[in-house]
Amino acid sequence: KAGVTQTPRYLIKTRGQQVTLSCSPISGHRSVSWYQQTPGQGLQFLFEYFSETQRNKGNFPGRFSGRQFSNSRSEMNVSTLELGDSALYLCASSPGAWPLQETQYFGPGTRLLVL
Amino acid sequence: AQSVTQLGSHVSVSEGALVLLRCNYSSSVPPYLFWYVQYPNQGLQLLLKYTSAATLVKGINGFEAEFKKSETSFHLTKPSAHMSDAAEYFCAVGRPNAGGTSYGKLTFGQGTILTVHP
């Protein structure tokens, strides 16, 4: 099976712009979660989608949004970029819902640099 | 709220020596626990997971971890370090929320960078 894929892998934007990141989960997986990784804050949960519905959301401002399509692919959008949004954005997919033995499989990430 | 503490942001060992990376969690109920490894400029790779079956969990690349409820710990070990083990390791805890409507949220520790000397 192909793993989780994320596009693009690298991105450079300027403050005030917006950006859309894409994630394709492992075939058959219906849950997609997004995380932000920075040197200062570590790995922080952004949100999770399951069957096109947002199931949980982390403590991020409303500039961060996401969606999931019927084929389970997911996108996240960051509007009005700030310098502090520079990070590695990781997408993870898992088969379904608890209480199954859920394991999240991570993609390679999209590295975003905001200038 | 659940949290994860990894003791030691940097651990250095010699090749062939024992690797011990420490992880303590706080959770009111037994959680699902995971260890992930991250190599430079890559995503996270699952090493092993605890899901309330056996308390001693074996993972890939010779790693194993033991769930100790009394100590709320889930330390990662490997008997003999290899140069290729040099990476950053993350302990994570996951469980659904009380209402069962939230899934797929992992809380991570701050990570431990493992250096292996020849």
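Modeller: A cavity is a set of points, on a 1 Å grid over the protein atoms alone, where a 1.4 Å probe fits but cannot get out. This is a predicted model: local features need pLDDT of at least 70, side-chain atom pairs count only at pLDDT 80 or more, and totals for chains, interfaces and linings use all residues. Residues are numbered from 1 along each chain as its sequence is written, chains are lettered from A and ligands numbered from 1 in written order, and side-chain values use heavy atoms, leaving out hydrogens and water.

Colleague: How much space lies in the largest cavity?

Modeller: The structure holds 2 cavities of 30 Å³ or more. Volume here is the space filled by probe spheres set on the points, which are joined across faces, edges and corners. For the largest cavity that comes to about 50 Å³.

Colleague: Which residues of chain B line the largest cavity?

Modeller: Lining residues have an atom within 4 Å of a point. Chain A brings R9(A), Y10(A), L88(A), P108(A), G109(A) and R111(A). The lining divides into 3 nonpolar (Ala, Val, Leu, Ile, Met, Phe, Trp, Tyr, Cys, Pro), 3 polar (the others, Gly among them) and 2 charged (Asp, Glu, Lys, Arg). From chain B come N41(B) and Q42(B).

Colleague: How many residues has the largest nonpolar core?

Modeller: Such a core joins buried Ala, Val, Leu, Ile, Met, Phe, Trp, Tyr and Cys residues through side-chain atoms within 4.5 Å. W35(B), L47(B), L48(B), F74(B), L76(B) and Y89(B) have the most contacts inside the largest one. Its count is 26.

Colleague: How many residues has the other core, the one with I26(A)?

Modeller: This core lies apart from the largest one. A87(A), Y89(A) and V114(A) are among its members. Its size is 21 residues.

Colleague: Is Q36(A) buried or exposed?

Modeller: Q36(A) sits in strand 4 (residues 31–38) of chain A (a strand is a DSSP E run of at least two residues). It touches residues including L46(A), F60(A) and F64(A) (heavy atoms within 4.5 Å). Buried means under 20% relative accessible area, and exposed over 50%. Because its relative accessible area is 5%, Q36(A) is buried.

Colleague: With which side chain does the side chain of Q36(A) make a polar contact?

Modeller: A polar contact pairs N or O atoms within 3.5 Å, one able to donate a hydrogen and the other to accept it. Here the distance is 3.0 Å. The partner is Y89(A).

Colleague: Which strand gives the most to the lining of the second largest pocket?

Modeller: A pocket is an open set with protein on both sides within 12 Å along at least five of seven lines. This one holds about 240 Å³ and has 13 lining residues. With 3 residues, the top contributor is strand 11 of chain A.

Note on methods
Buried means under 20% relative accessible area, exposed over 50%, partly exposed in between (1.4 Å probe, protein chains only). Helices (H or I, at least four residues) and strands (E, at least two) are DSSP runs, numbered from the N terminus. Lists of a residue's contacts leave out its neighbours within four places in sequence.
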